[in-house]
Amino acid sequence: MFQVPRILFKLYVLLIFAILFFACASVDYERDNIQAINYHNSVKQLTDVIVHDIFSPPVASRIYAYPNIAAYEVLMNNNPGFESLQGQLTGFDGVPRPDTTKQIDFNLAGIHAFNVVGRALIFSENKIDSFKEELYKKIKSDSGIPTSVFDNSLAYGNEVANHVLAWANKDNYKQTRTFPKYTIQDDPDLWKPTPPDYMEGIEPHWNKIRPFVIDSATQFVPDPPTPFDLDKESQFYKETLEVYETAVNLSDEQEEIAKFWDCNPYVSTHRGHAMFATKKITPGGHWMGITTVVTRQDSLPFMETVEAYTRVSIALADAFISCWDEKWRSIVIRPETVINQHIDEQWTPLLQTPPFPEYTSGHSVISSAAAIVLTDLLGESYFFVDTVELEYGLPARSFNSFLDASSEAAISRLYGGIHYMPAIENGVTQGKAVGRYVVNNLVTRKEEIISVQGE
């Protein structure tokens, strides 16, 4: 009888094992990639509802943070290289751990936790319900997950989601809904509502919202704004004139940049006695969209995808708390008001002035914070094409780094005619400080911590 040499037999066994291993790995990767896409779609659905329900930029940042935290806490159970956020986020502890006697698909549980928390934070619950119904039907059909495992996964996702929602209920958001509105002051240097709608000031008590990672709303107070002074030789008047002269001499490129980064969730247009409104993505929503673009560009695994969304959304939320603290402390008057009263009463800025004080620039603060976090995750020289605004009729723009994009977002507010330069420059500094603090104090990987210094 012919006998196969032992060495050849071993090589044969190894070959079969390798084929089976890589086949399984390919299947697992495909499943992971599909679930990552399902998560991207869940984030996009939440964004669409935020736009539909017209949430203000700071409130929208809160809506993004909690669902991503819930998903992350579910998924880290099945990813031993990642740390829990318990004890790292203010007041966040006691997250329920899975029943080890039950089989759970953690990817499904994480997606479910995201959608449950997101649904609880918006108004149009039916839109999330319809989305979930279709998504879960597709997941069950495509994955072939046994019913018992499917049910176990949703049950565990509900446990974590309910825990996160109980934690969210203690962040002072509900209490601030009952706080008094800002009373307009007669002082000539203080913010006044601006045309065309003269809306009341948005979220004057946002600094009372519990922060996520930063110690307090006042941890990164920027340098004070330029003192109000209408003398034509004063620094303030020069800064005001800079806004006006820039706005009336915009290049085509500058106008495109201003419109690309507008991100005003509610823009009203008045024509005679008629008025119609345009709903758009918030500034934080734009950066969540950028996170989608780059995580898909790199085909990041599901866990790393959720990690990116979580870190960016937390940085955005804390950046808004820090920025709004300054806005309602200094209550700086908008350029539109000063220019109309003292330079050109017929002038209107390219962009509609948002309904809250000028200093510091929210775009500058939150964009810089998000850029620092994404740079930490994906590197300094990271080329990407920002397609987030395509659905709003604006062309894509290309960037060689996240800080390149955040710098453009910041200067866009000068081009739009709604910020003085100190609000932009000091806002960038403030946002980078928040971003670096989040990077250095929020540990998601079980590896050596390297502090981020400088820019």
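**Aromatic pairs and charges over rings**

The structure, a predicted model, holds 27 aromatic pairs. Rings of Phe, Tyr and Trp (its six-membered ring) pair if their centres lie within 6.5 Å; planes under 30 degrees apart count as stacked, over 60 as edge-to-face and the rest as tilted.

Tyrosine 136 and phenylalanine 150 make up an edge-to-face pair, with 6.4 Å from centre to centre and 75 degrees between the planes. This pair links distant parts of the chain, 14 residues apart: tyrosine 136 lies in helix 4 (residues 125–143) and phenylalanine 150 in helix 5 (residues 147–168). Helices here are DSSP runs of H or I with at least four residues, numbered from the N terminus. Both tyrosine 136 and phenylalanine 150 are buried, where buried means under 20% relative accessible area, exposed over 50% and partly exposed in between (1.4 Å probe, protein chains only).

The pair of phenylalanine 228 and phenylalanine 236 is tilted, because the ring centres are 5.0 Å apart and the planes stand at 55 degrees. Phenylalanine 228 is partly exposed at a relative accessible area of 27%, whereas phenylalanine 236 is buried at 3%.

Phe260, Trp261, Trp287, Tyr382, Phe384, Phe399 and Phe402 form one aromatic cluster.

Rings also meet charges. A charge sits over a ring if NZ of Lys or CZ of Arg is within 6 Å of the ring centre and within 35 degrees of the ring normal. The charged end of lysine 140 sits over the ring of phenylalanine 150, 4.9 Å from its centre. For lysine 327, the charged end sits over the ring of tryptophan 324, 5.3 Å from its centre.

Residues are numbered from 1 along each chain as its sequence is written, and side-chain values use heavy atoms, with hydrogens and water left out. Local features need pLDDT of at least 70, side-chain atom pairs count only at pLDDT 80 or more, and totals for chains, interfaces and linings use all residues.

Technical notes:
Helices (H or I, at least four residues) and strands (E, at least two) are DSSP runs, numbered from the N terminus.
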